[in-house]
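Have a look at it before reading on.

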Amino acid sequence: IIDLIDDADESATNIFENLMTVIKKSGLPFDGLTSIGADNTNVNMGNNHSVYTLFNNEIENLFKGNCYCHILHNGVKWGHQQLTVDIEKFLVMTYAHFSHSAKRIEELKSYHEFYEQDFHVLLKHIKIRWLSLYSSIERLLLVYKPVKSYFSDQLNKEIPKELENHFQSEETLCVLSFLHHVLFEIQKTNLELQKECITAIDSYRIITSLQYKLKQRLNTGFFGIHCRQMLDRIPSDTSIELQASFVRFISTFLEYVDKYFSQNVAILEAIGHFGNGIENLTWSRIQKCIELTKIEGLNEDNLFNEFTELKLTFEIIKKKQVPLFDQIQFFLSNEQEKDTNTSLPMTIRQNEMDEEEQEDQTNVIRSYQLWAMLFAVNATPTPNMKKLICFLYSIPASNAYVECVFSDMKHIY
């Protein structure tokens with residue numbers, strides 16, 4: 001974080017001027033700016049008079065770093081409008097019924113005891129939070145039986161009729177089950193995009209993977225086993241209507257995501273090859289990347305030679321008896337020791353270690369770590385290749401870091 005500015009004027013011009021002031025004040029070279037990463041509002045990313053266009057007037061070929069976490073979240077919001085049940089309203093009402101009443105919570109606990117279930121509080125759904133909807137649905141489904149019994153109690157006069165109808169409706173439960181199934185994939189993708197190690201180089205792989213999984217559900221009509229079992233139980237006309245709404249949800253979501261993804265798909269696909277490391281990278285792919293990104297100041301003759309040298313270095317490293325993953329970890333450990341007097345690299349490395357512990361996979365080789373080691377161990381300098389790699393890995397895939405800062409500031413202030 002370079003600076004935090006408190007300014008009520010959120011116009012594109014004012015934001016641009018504030019950013020220019022901060023850049024100049026910090027002494028950062030303005031020509032080193034490669035991309036603008038922000039949420040996708042018109043003020044920030046619009047094609048007409050936005051923060052992006054004002055910077056793009058100063059720096060040609062500035063990359064628009066759309067936040068795909070926002071895009072996925074908004075895609076779900078638009079898709080939700082296609083469903084037959086307003087699940088967001090239902091979740092908010094259910095949570096609100098218990099949120100300020102200790103008496104109601106104690107009554108609910110008695111239903112948990114009857115079903116011999118541990119008591120779990122319901123999670124509040126906040127519409128502007130990226131990860132709120134899936135978590136709220138998952139928790140409600142976990143305790144659905146006792147909660148449903150609570151709202152089905154005819155002797156309880158405090159129960160809102162709307163909530164009673166929802167809990168007695170198979171349609172509401174079917175929609176909940178559908179969302180739980182589909183949002184699992186979207187949630188997983190959103191969490192991956194929020195990792196500090198993820199950049200725009202990974203965007204093509206991550207977004208196309210999600211698109212493929214959801215298109216498979218459209219093509220096969222599979223919306224989860226629990227959802228299918230409920231669709232088989234309810235009347236056929238209701239079942240057909242629900243399935244049509246599920247198709248509309250996924251289609252609307254995919255259309256919304258593609259509206260942004262298609263704008264940069266050629267560049268994202270081109271730079272995505274660098275995320276696979278150097279082994280499968282070809283000179284033609286590098287040329288394609290340079291053509292699309294229009295990076296200035298590269299000497300292509302020298303770049304070709306440097307690329308060839310790095311390929312050779314990689315082949316030598318790969319033939320060693322020590323696994324490549326272990327070589328990279330040894331290199332990173334040495335780099336960490338060099339920076340023992342600087343807290344920032346240690347913090348970054350700790351964040352990376354925390355993320356690695358959370359991953360299910362083991363011995364995952366991250367492409368940027370491999371590139372860093374190759375540049376360090378290569379016998380001769382590779383300034384052109386290094387400039388290209390640094391440019392590509394500087395482009396963000398999301399605005400997650402800034403959003404986390406906003407959340408932390410709320411707790412501080």
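## The second largest pocket

The second largest pocket comes in at about 640 Å³. A pocket here is an open set of points on a 1 Å grid over the protein atoms alone, where a 1.4 Å probe fits and protein lies on both sides within 12 Å along at least five of seven lines; lining residues have an atom within 4 Å of a point. Points are joined across faces, edges and corners, and the volume is the space filled by probe spheres set on them.

Which residues sit closest to the centre of this pocket? Out of 23 lining residues, they are His70, Ile128, Arg129, Trp130 and Glu403. Helix H4 (68-80), helix H13 (236-272) and helix H20 (400-412) are the elements that each give two or more residues to the lining. H20 has the largest share, with six residues. Helices and strands are DSSP runs numbered from the N terminus (helices H or I, at least four residues; strands E, at least two).

## What kind of model this is

This is a predicted model, so to speak of local features takes a pLDDT of at least 70, and side-chain atom pairs count only at pLDDT 80 or more, while totals for chains, interfaces and linings use all residues. Residues are numbered from 1 along each chain as its sequence is written, and side-chain values use heavy atoms, with hydrogens and water left out.

## Aromatic pairs

Searching the whole structure turns up 21 aromatic pairs. Take Tyr111 and Tyr150: their ring centres are 5.9 Å apart and the planes meet at 85 degrees, so this one is edge-to-face. Tyr111 belongs to helix H6 (residues 102-114) and Tyr150 to helix H8 (residues 144-151), so the pair ties together parts 39 residues apart in sequence. Rings of Phe, Tyr and Trp (its six-membered ring) pair when their centres lie within 6.5 Å; planes under 30 degrees apart are stacked, over 60 edge-to-face, and the rest tilted.

Are these two tyrosines buried or exposed? Tyr111 counts as buried at 18% relative accessibility, and Tyr150 is buried too, at 1%. Buried means under 20% relative accessible area, exposed over 50%, and partly exposed in between (1.4 Å probe, protein chains only). Ring pairs also join Phe90, Phe98, Tyr111, Tyr144, Tyr150, Phe151 and Phe167 into a cluster.

Val377 lies in helix H18 (residues 367-377) and is partly exposed at 44% relative accessibility. Val377 and Leu310 are 67 residues apart in sequence but 9.4 Å apart in space, C-alpha to C-alpha.

## The whole chain

Stepping back, the protein chain has 20 helices and two strands. Its C-alpha trace spans about 80 × 55 × 45 Å along the principal axes, and buried residues make up 44% of its 413 residues. The domain assignment gives domain 1 (1-66), domain 2 (72-264) and domain 3 (277-339 + 365-412), with bounds that come from an automatic or database assignment. The C-alpha centres of domain 1 and domain 2 lie 36 Å apart.
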